[in-house]
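Q: Could you take a close look at the aromatic rings here, and at what surrounds them?

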Amino acid sequence: MRIVVGLFAALVMNTAFAAPTAKTTDTAKMNKFINNLMSKMTLEEKAGQLTQYSADMSKTGNTVRENYREDIIAGRVGSLLNAFTPKFTRELQQVAVEKTRLKIPLLFGYDVIHGHRTIFPIPLGEAASWDMKRIEDAAAVAAKEASADGIHWTFAPMVDISRDPRWGRIMEGAGEDVWLGSKIAAARVRGFQGDKPGATDRVLACVKHFAVYGAPVAGRDYNPVDMSDRELWESYLPVYKAAIDAGAATAMTSFNDINGVPATANDWLLNDVLRKQWKFKGFVVTDYTAIYELIPHGVAKDLKDAALQSFRAGSEMDMMSGAYPKYLPQLVKEGKISKAQLDTSVRRVLEAKYKLGLFDDPYRFSDEKRAEKAMLTPENRAVARDVARRSLVLLKNDNGALPLKREGTIAVIGPMADNQRDLIGAWSAAGSAMDEWKKAITVIDGLKQVGGSKVKVLHAKGSEFFYDEAMLKVQNEHGANLTKDKRSREEMINEAVRTAKKADVVVMAIGESHGLSGEAASRTSIRVPEPQQELLKAVRATGKPVITLIFSGRPLALEAEAAQSDAMLAVWFPGTESGNAIADVLFGDHSPSGKLPVTFPRNEGQIPIYYSHKNTGRPYDGKDKYRSQYLDVANTPLYAFGHGLSYGKFDYSDLKLSSAKIKPTQKLKVSVTITNNGEHDGEETAQLYVRDMVASVTRPVKQLRGFQKVFLKKGESKQVTFEVALEDLKFYDKNMKWVAEPGDFKVFVGTSSDNVKEAGFTLL
Ligand code: BGC
């Protein structure tokens, strides 16, 4: 039967008699090589290829195995994480290819999340640029540096959608929106991998964390995810698929359970969705010790049981649990796992190594000469500076407080003013492991360099990030090394006030330290830590104009800070070029162009708050009591998704539709005129949203379906045209079918999700 089906398929595809293309001969060559190699492998060696340990140059969890070198020699390791530099990777690779029986090279993986040595803005910041070209460039630079440092494979992009700013890892994704997130996921995959695996200046990508790690109950890291099918399929899963469709070579399981089944042992998720429905061809690695964690999750009785469940479900490489090398051979011998399934997974890992060219030259990526010239080059730093300035979001700017003049005295106050380590944020890879943060440009240095000789910069720290002993202890355990100033809080504030009084304008550099976001860094209060709020109040009382820079890895509740600032910018953690990028924006060399990829709430009680919410049967109307509303705070966020001001002032007019009715085969053209009525040139990101007015299931009040960047000189007008296709109107109907239902729709175009022009049309 198999032969018949195979022959039939060959005839239908008409490839049986066609001349072999370069691609088919390449594949045939690869298959032959791998078949031959696999025919020599023992069960233990096969399990070894599915095993990954840490070499401990950086740590992201507890180390379960120190003597991994002996394991390499025994053929029990296929991959290492946290090993880099050409020298170290060469040394380890040498062990694999000289001391093991079959000489299979190791695969080196590492968390290159937002830059390798040149650090870019945290991913949430990069997402705020809404600039796919620049996001791709950033990943390409990261790949260039990482690959020159011996790394083959990055554990990125992290694409988890999150609507919960309590969750510390919201910093690592692209925000709350599945449509924007999908575009960004694809751009990052392209940047890391290039067109084809094997180029020595690229790395393999790994889409993570599969799946829905960004929606833990109560925003607490590692907590369960409990979600309806509709929400899963519509708002969370498509972003992983976008990365896979863009060619991501690997995928990583998530720590959480989904409706009761941990992702790492989730047969439906890995086998049905990822493999069968999405046709994923690469291999799946677990998250760190995730196989072992099935025991505390309470679904496996011991490590052997955990290995069995994970492998059966489709988790192929064991990161750090040591379960596969120990139990897979035995499970195959006992007939609990088929040899064929084991072979399929081993083949996928060997294919990745083959495509990287490691069987031809295992040291291709470990070239010291190349590494010497590749890191932190002026070119890489220039890209980082441009991405960083595009990531800054101008939240408010009263009475043209910004841009600053290039003369007079500026007081820079706050714990981020003269700080380097925190600028690069969490998940900063070699940026922290190799102390590259010491090359980061501080806010003070940036203002001095970009401001020029007529600008005098004064400085006062004013406050520590926080004084809470318990928090300091935890943060220092995470390597933050927060030292306390010898002066009292009062003395520091007094000094800040004296400094502010001597200046024409104050730049406050406040917010979170980098360790307040990232893994295992959830917060119930999403505020600027209290001592800095007090500092801001004291400085504000001097009556000097205040420009506030908010550093954070998440949306913060900023009502108080907004009230005490003339202008305020969300700057995230902008990376190596922080100070320069911030100064470029403050002095107006770059008009701010970032837009929020995630909603900023007024307070924690509003969480989760996101723009694409449902209308309810009792939407807020401002009059009636029995409406969906809070008694003590408005329903609106402080800053909506898509918000971000410019030094230009963009007015939208003349919204036009190509037709009031469209057939399913037609595309609707939506055009609008944007005029820059401000005093400065600037770039606008015009956004298009749709709403299905009547459907078989309730629909969000708005869904992003397009955006365009337009540069407008002062006084200039341009017409921008979007297209809305049938696909943009589809959703999961009552029967979970992906359809567009005929009827009335609204389309909105504007500068943010809460500031739009609207028109209606009908889908026939
Ligand atoms: C994180 C992953 C990361 C892995 C390896 C885990 O703790 O959840 O995102 O890739 O460690 O460092």
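A: Here is a walk through the ring pairs and the charges over rings. This is a predicted model, in which local features need pLDDT of at least 70 and side-chain atom pairs count only at pLDDT 80 or more, while totals for chains, interfaces and linings use all residues. Residues are numbered from 1 along each chain as its sequence is written, and side-chain values use heavy atoms, leaving out hydrogens and water.

Rings of Phe, Tyr and Trp (its six-membered ring) pair if their centres lie within 6.5 Å; planes under 30 degrees apart count as stacked, over 60 as edge-to-face and the rest as tilted. That rule gives 22 aromatic pairs. In one of them, Tyr-213 and Phe-255 have ring centres 6.0 Å apart and planes at 70 degrees, so they meet edge-to-face. These partners are 42 residues apart and link distant parts of the chain: Tyr-213 is in the loop between strand 5 (206-210) and helix 9 (229-236), and Phe-255 in the loop between strand 6 (250-253) and strand 7 (257-258). Here helices (H or I, at least four residues) and strands (E, at least two) are DSSP runs, numbered from the N terminus. Both Tyr-213 and Phe-255 are buried, that is, under 20% relative accessible area, with exposed meaning over 50% and partly exposed in between (1.4 Å probe, protein chains only).

A cluster is also linked by ring pairs, joining Trp-130, Trp-179, Tyr-611, Phe-641, Tyr-689 and Phe-707.

Now for the charges: one sits over a ring if NZ of Lys or CZ of Arg is within 6 Å of the ring centre and within 35 degrees of the ring normal. Arg-163 lies over the face of Tyr-610, 3.9 Å from the ring centre, and the charged end of Lys-702 sits over the ring of Phe-748, 5.1 Å from its centre.
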